[in-house]
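Let's take a walk through a protein together, one piece at a time. Keep the picture open while you read.

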Amino acid sequence: MIAYAPWTDPRLARKPGTLPLDPARWLETGADTPGQMARRRDLIETQRSVVLAALPRSATAQEELCKAVADHTGGPVPDDPSPLGQVGRMVQEDFCLLEKHGDEGEYRLTGAILCFPSRWSLAEKLGHPLTRIHGPVPDYSDDLARRVNRLFDGVRAGHPLWRANWTVHPTDELHQPSGDWRQAEDGPLHIRVERQTFLRLPRSGAVVFGIRTFIDPLEALTDAQAVALREAIGPLGADEIAYRGGEDLHRATLAALAGRA
Ligand code: HEM
C-alpha cells in the first residue's frame with residue numbers, strides 16, 4: 001500500500017488540484033521517517049550548498065518558518081547555523097519560501113531547504129518567479145500560471161492547502177538535483193509522490209511550500225492503482241513524455257503495468 005495515489009482522485013488529478021488542509025496535519029511522518037531523516041542530515045552536512053540556499057531578503061520568513069515547525073513538532077531545535085538547516089534536520093518535509101515584495105507581480109522563490117529535489121536545481125531557480133520556475137513544464141499553461149498565482153495571493157493564515165503530484169523514476173534515489181535524466185541508473189521503476197502543502201506565514205507574509213516525498217516500487221501499487229496509472233500515462237503527449245523522462249522510460253512503465261488487471 002502506498003500513502004497517496006493522486007492519479008486515482010479526480011480532485012487531485014486536475015490542476016492545480018488544491019484542497020483544504022487540516023492545520024494539525026501540516027507535517028507527516030511514516031515508516032520511512034528514520035531513513036529519510038538520516039539521509040537529510042547527511043546531505044545537509046555533505047551537500048550543503050546544493051540543498052540549502054536563500055536570499056538575504058528571506059531572513060524574516062526563515063525565522064518564522066523555523067518557529068512554526070518547532071511549535072508544530074514540539075521538539076528541540078537542532079544545532080545549525082541557518083534556520084533552514086535547523087528545519088531540514090527537524091522534519092522530513094522540504095520547504096520552499098515564496099515571497100512577493102513591493103510591486104512584484106509574482107511570488108518568487110527566496111529560499112529553500114531542498115534535500116530531495118525531483119530533477120531540479122535550487123541554484124537555477126532561486127530568486128525566480130513562479131511562472132519562470134515552471135518554464136520547462138509542458139502542461140504549465142498560461143491559464144494554469146494565472147490560477148497558481150491567484151492561489152498564492154489567496155492562501156490565508158490558518159487555512160493551509162495541499163495537493164499532490166506523481167512521477168515514475170527508474171531509481172529509488174530521493175536526492176536528484178539535476179534535470180538530466182541520464183544521471184539515473186536504469187534501475188527498478190518507482191512511483192514518486194510529492195504531498196505538497198501551502199501555508200501562509202502571517203508575520204513575513206511568505207507562503208511556505210512544503211514537499212513531503214514518498215517513493216515506492218511500482219509493485220507496491222494495488223491492481224486498481226496500477227490500472228489507473230496506466231490510464232493516466234497512456235494519453236500523455238510527446239512533449240510530456242519527453243519532460244517525464246523520455247520514450248524508453250515511458251515504454252518500460254507501460255510494459256511493467258501491462259500485466260495488472
Ligand atoms: C498549485 C501550485 C503548483 C502547481 C499546479 C504546479 C505544477 C507543476 C507541474 C505540473 C510540474 C511538472 C511535473 C509534474 O507534473 O509534477 C511542476 C514542476 C515543478 N514545480 Fe511546480 N507547481 C506548483 C507549485 C510550485 C511551487 C510553489 C514551486 C516552488 C519552488 C514549484 C516548483 C516546481 C519545479 C522546480 C518544478 C520542476 C521544473 C523543471 O523541470 O525545471 N511548483 N509543477
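**Starting from an enclosed strand**

Of the 11 residues of strand S7 (residues 207-217), 9 are buried, so the strand is largely enclosed by the rest of the structure. Strands here are DSSP runs of E with at least two residues, while helices are runs of H or I with at least four, and both are numbered from the N terminus. "Buried" means that 20 or more other C-beta atoms lie within 10 Å of a residue's own; 12 or fewer makes it exposed, anything in between is partly exposed, and the C-beta atoms are placed from the backbone.

Before going on, keep in mind that this is a predicted model: local features need pLDDT of at least 70, side-chain atom pairs count only at pLDDT 80 or more, and totals for chains, interfaces and linings use all residues. Residue numbers start from 1 along each chain as its sequence is written.

Now, who sits beside S7? Strand S6 (residues 190-200) pairs with S7 in the antiparallel sense over 11 bridges; two strands count as paired if DSSP finds at least two bridges between them. Ile191, for instance, has Asp216 in S7 as its bridge partner. S6 and S7 make a hairpin with 6 residues between them, and Gly205 in the turn has a positive phi of about 80°. S3 also runs antiparallel to S7, joined to it by 5 bridges, and Leu98 stands opposite Val207 in S7.

Let's zoom in on Phe198, which belongs to strand S6. Phe198 counts as buried because it has 21 C-beta neighbours inside 10 Å. Leaving out residues up to four places away in sequence, Phe198 touches Thr18, Val155, Pro160, Leu161, Val207 and Phe209. Touching here means contact, with C-beta atoms, placed from the backbone, within 7 Å.

Next comes the ligand. It is surrounded by 21 residues, the closest being Pro16, Trp120, Val137, Asn165 and Phe209; to be near, a residue needs its C-beta atom, placed from the backbone, within 6 Å of the molecule. Strand S3 (94-99), helix H8 (142-154) and strand S5 (161-169) each supply at least two residues of this shell, and S5 gives the most, with 3 residues.

Finally, step back to the whole chain. It has 11 helices and 7 strands, and 33% of its 261 residues count as buried. The C-alpha atoms fill a box of roughly 50 × 40 × 35 Å, taken along the principal axes.

Methods
Contact = placed C-beta atoms within 7 Å.
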